[in-house]
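Please look over the sequence and the model shown here before reading on. The report is meant to be read beside them.

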Amino acid sequence: MDTTNDLPNRWTDIGKMIKRNGPFASPDFVPDTKTTPTIMNGLQNDFKVLVIGAGGLGCEILKNLALSGFKNIDVIDMDTIDVSNLNRQFLFRRKDVGKSKAEVAAAFINSRITGCNVTPYKCRIQDKDDDYYRQFKVVIAGLDSIEARRWINGQLVNLVVCDDGNIDPETVIPLIDGGTEGFKGQARVILPKITSCFECSIDAFPPPTTYAVCTIANTPRLPEHCIQWALMFGLEDAKLPKPFDPKQFDNDNPLHMNWVFETAKKRAEDHNITGVTYKLTQGVSKNIIPAIASTNAIIAAACCNEAFKFCTDSSGFLNNYMMYNGLNGVYTYTFEYEQKEGCAVCGTNVSTFDISPSTTLEVFMEKLMEDPRFQFKKPSLRSNGRNLYMQGTVLNAATKPNLTKTLQELEVLDDDEITITDPALPGIACRIKVHYLQDN
Amino acid sequence: MFRLKELKKQQEQQQQQKQQQTTSQTNGDASSTTTATTEPTEVKRQNSNDLKEIRRQKSKDSYFSLKSKQSAESSTARRANPSELRAQKDIDEMEVPEGCKVNFKDTNDICNFTLDITPIDGLYQSATFRFSINIPSTYPYNPPKVHCDTLVYHPNIDFEGHVCLNILRQDWMPVLNIGTVIFGLMTLFLEPNPDDPLNKEAAALMIDNKKQFETNVKQSLRGGYVVNRQFPKLLS
């Protein structure tokens, strides 16, 4: 452990958590001693934590982790700093506007907190591969999009090795997901394949605010309707002059946004509606969720505490969903969100299926249907983004000729994944990995 | 609360049992496995580095027993995302109502297709209207995107091809599916709804002077002019 830069008693408070046993500690928690600072070593050397998002939640999370003794932190964010971020994203200054959030946040933490090593990546989470994600002890997400949450959730579930239903615990990387919206927030701990995952609860998410097209087109009542009109109809209307190519519309470009604002304002005036502002225009077109610094602080704190407890075993962690509502009074509620049977992501075990590459699709399907593991009745198969065989009337004719082709001819490679849907399945789909046997 | 811990313990016990079995078979003596206790901190650090290696190894080869395939390669082999899985299920299991035809430009791309609706009843009977449907990557959280490619005189469809159907916007729910959307679009032709207008003039006319509205629809379908706009000839 490199303690040369450490101030004396720097980690005293953390020591109180990891040097003493307690009633809620994990059964095999071994407190650190002077000669065996195992947990401290873990925090400072071994445990690598990934923070996704360096925005409102991300700034708080990075600060909290660094101050809790974590030293190896990666942060991914593809966004750049906007002037409107500065009120709550405290790692950024006015001079940073336009720069990468991840890079500025990492540089700030590294210079402010001695010994902390934050590595920034200005990219999409989808740009990183399995090996990259495999190196982390835990992943904390402070995201504002369902899409990104869905992706990282699916990615971490896919890293879990599951052999005939036996989960290999070494491959389970917890996802701690925080989210805020105004005075409301939520923190949850997802142990991929063990507890419910993000996809299990996707149907329960409140749908995005949308307005009927006819309202937008004909009976606007709210300033939001006017802004939506500018974005939907105004952009397409060739008769409306625009200082840019509408096909290249970019809601980060002030020139474009100003046009949307002016167009929306004009429409609002025509319909005697007040309240169209530039800020609201930005909010509606970028789908910005109102953010409150203190809600971010509460949720980020909950997330980081979970990461700390998970990594140190010093106390039990959240099982598995905490919602916070500070809108009317203060209300929190913790409950166990249950795994959804047949969840498209975590409810589908990938089973391996041994088969010769020279088997025809028809025979392959017969074998699948005979296999008692699956209980298929009318399976439809796709692989690598291509149809193999579809039972439904819509694509049956197009895929029928495939039945007499061999798997090899259908370009199914050894170890490829085949997704199977079947009305008899409780969930959405089932996934099978083909394992080629050598022909004798 | 410590489910992961319990799992690990179980596995360790199983492994120990296995090891004991093998060592007792080969050696009959377990003393060779006990190494001198070095500094514990080093051991722990060594362990957690091992963990990373175990994770890599396990996910990479031992389980799927691949020999040559590298993870870089397997990550290029596309894994179907949840929206695609849902689309596969929707499309395969949907019942296409009479008068509807689904066409794929690329049959493998199940997230983009066109829908031809030929109403079997009502004002728009026997004319065919084409829609482009796109299943976004956020499906089913977000609804399918629908555009009407055929110019039509209809209270709920404007001349740019926007379609006003409640389940495509404010009333969308993830439990709905592609089949429901197709059904909803068909309903638009059977029962145009002048209370949710996109083509305001058509809707107003439908309420004020239904006869004239019907005449206009007929005229538009035969390729005539309505309110100074020529429509494509869909009926003879």
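## The interface between chain B and chain A

In this predicted model, 68 residues of chain B are in contact with 96 residues of chain A. Together the two chains bury about 7,400 Å² between them, and 56% of that area lies on carbon and sulfur atoms. The count of salt bridges between chain B and chain A is one, and the side chains that meet in it are those of B:Glu84 and A:Arg382, at 3.1 Å from N to O. Polar contacts across the interface of chain B and chain A join 18 residue pairs, with both residues at pLDDT 80 or more.

On chain B, the elements that give two or more residues to the side touching chain A are α1 (3–26), α2 (40–62) and α4 (82–93). The largest share, 13 residues, comes from α2(B). Sorted by class, the side of chain B that touches chain A has 29 nonpolar, 15 polar and 24 charged residues.

## The eight-stranded sheet of chain A

Eight strands of chain A form an open sheet of mixed pairing, in the order β3-β2-β1-β4-β7-β8-β9-β10. Its edge strands, each pairing on one side only, are β3 (117–121) and β10 (331–335) of chain A, and the twist averages 15° from one strand to the next.

## The five-stranded sheet of chain A

Another open sheet of chain A has five strands in the order β11-β15-β14-β12-β13, again with mixed pairing. The edge strands here are β11 (350–355) and β13 (386–389) of chain A, each of which pairs on one side only, and the twist averages 35° from one strand to the next. Within this sheet, strand β14 (residues 417–421) and strand β15 (residues 430–436) of chain A pair in the antiparallel sense over four bridges, with A:Thr419 standing opposite A:Arg431 in β15(A).

Helix α12 (residues 361–370) of chain A packs on the sheet and touches β11, β12 (380–383), β13, β14 and β15 of chain A; the direction of helix α12 makes about 125° with that of β11(A).

## Salt bridges

Side chains of opposite charge can pair when their charged atoms come close. Over all chains, the count comes to 17 salt bridges, one of which joins the side chains of A:Glu60 and A:Lys63 at 3.0 Å from N to O. These two residues are separated by about one helical turn, because A:Glu60 and A:Lys63 are three residues apart in helix α3 (residues 56–67) of chain A.

## Backbone details in loops

The loop between α11 (293–312) and β9 of chain A holds A:Asn320, and the peptide bond from A:Asn319 to A:Asn320 is cis, with omega near -10°. A:Asp313 lies in the loop between α11 and β9 of chain A as well, and its phi is near 65°, a positive value in a residue other than glycine.

In chain B, the peptide bond from B:Tyr139 to B:Pro140 is cis, with omega near 0°; B:Pro140 is found in the loop between β3 (129–134) and β4 (145–148) of chain B.

How values were computed. Residues numbered from 1 in each chain as written. Chains lettered and ligands numbered in written order. Predicted model: local features only at pLDDT ≥ 70, side-chain atom pairs only at ≥ 80, totals over all residues. Heavy atoms only, no water. Contact = heavy atoms within 4.5 Å. Buried area = accessible area lost by both parts, 1.4 Å probe. Salt bridge = Lys/Arg side-chain N within 4 Å of Asp/Glu carboxyl O. Polar contact = N/O pair within 3.5 Å; in protein donor to acceptor, adjacent residues only side chain to side chain. Nonpolar A, V, L, I, M, F, W, Y, C, P; charged D, E, K, R; others polar. Pairing = 2+ DSSP bridges. Axes fitted to C-alpha atoms, helices over the stretch in contact; angles between N-to-C directions.
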